Amino acid sequence: MTRRPGSTGKVWLVGAGPGDAELLTVKGLRALERADVIVADRLGARGVLDGLAAEGVVLTPEVVDVGKLPGHHAVPQDAINALLIQLARDGKRVVRLKGGDPYVFGRGGEELAACREAGIEVEVVPGITSAISVPALAGIPLTHRGLATAFTVATGHDQIRELGGGCDHTVVLLMGIGTLAHSALILARGDRGAGCPVAVVEDGYGPGQRVTIGTLATIAAQAAARGVRSPAVVVVGDVVRLSPCAPDAIAAADLSTFDPLGSPASRSDAPGKALAQ
């Protein structure tokens, strides 16, 4: 419904999740139902809107597509900020529907700051990030007792040279396909070693969902041979061994003797070391 002229609207920054309408939060759905305008991303957000429509959920708001393609920003971020502000000043209830979670590489913080600076009321509705949900599709937990005690989420565009830790510290790379060979080379030079397991999960929750598993030494060639494409999530670490998609040579892991907190000397038989030989 359109609010009366002269009143100030409101902006909701809503995380759409990884693209499955059933993973949208109830609070996010309620915001969509109350909205006058939905300003939507391409990844995740569009899939959720299409999924809701397929399930018979009728949404009446106008949808403005500001989706971004890899390497190409259809609408600059400054223009998106200005659009949200103008719509709210026109008295609209605006949902900014963003793939994943607004605060996980979604530039939600920038949109929040711009709206607040303009005096616009903003509410953030968290979403399920693909960094966690997409690996789960491949049976990969980011932490697991005896295998991994911490994880780091980064983008393939970032400098990852300073990411420390061994195979027990899981690394999740978003937007990392274009720089996969470089990232694998850098990570392999550290304590993880060339034999550290890697999984690439393409098109999570989409029709082209596919899993490719190898090691830091092999994953770039495997991805090239299979024609791996974005969107995809890359997982690096011993937790990849837990995936039912992992080949036998990678899946072998003795959790009864592996101590991720032990010293390197005490971990000479650790799973990540064996593959590196």
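Helices here are DSSP runs of H or I with at least four residues, strands are runs of E with at least two, and both are numbered from the N terminus. The model is predicted: local features need pLDDT of at least 70, side-chain atom pairs count only at pLDDT 80 or more, and totals for chains, interfaces and linings use all residues. Residues are numbered from 1 along each chain as its sequence is written, and side-chain values use heavy atoms, with hydrogens and water left out.

1. Helix α5 covers residues 130-137, and its buried residues are A131, S133, V134 and P135; buried means under 20% relative accessible area, with a 1.4 Å probe and protein chains only. These buried residues pack against the strands β8 (150-155), β9 (169-174), β10 (197-202) and β12 (232-236).

2. After α5 comes G139, which has a positive phi, near 75°.

3. Helix α3 (residues 77-89) packs with helix α4 (residues 108-117) at an angle of about 45°, and their axes are 9 Å apart. Axes are lines fitted to C-alpha atoms, for helices over the stretch in contact, and angles run from 0 to 180 degrees between N-to-C directions. The two helices are therefore oblique to each other; angles under 35 degrees count as roughly parallel, over 145 as roughly antiparallel, 65 to 115 as roughly perpendicular and the rest as oblique.

4. On the α3 side, Q77, I80, N81, L84 and I85 meet E110, E111, A114 and C115 of α4. This contact of α3 with α4 has five nonpolar, two polar and two charged residues.

5. E111 belongs to helix α4 and counts as buried because its relative accessibility is 0%. Its side chain makes a polar contact with the side chain of R96, at 3.1 Å. Beyond its neighbours within four places in sequence, E111 is in contact (heavy atoms within 4.5 Å) with L13, Q77, I80, N81, L84, R96 and K98.

6. Helix α6 (residues 180-188) and helix α7 (residues 219-226) pack at about 165°, with axes 9 Å apart. They are therefore roughly antiparallel to each other. L180, A181 and A184 of α6 make the contact with I219, A220 and A223 of α7. By class, these residues are six nonpolar, no polar and no charged.

Definitions and conventions
Nonpolar A, V, L, I, M, F, W, Y, C, P; charged D, E, K, R; others polar. Buried < 20%, exposed > 50% of the residue type's maximum accessible area, 1.4 Å probe, protein only. Polar contact = N/O pair within 3.5 Å; in protein donor to acceptor, adjacent residues only side chain to side chain.
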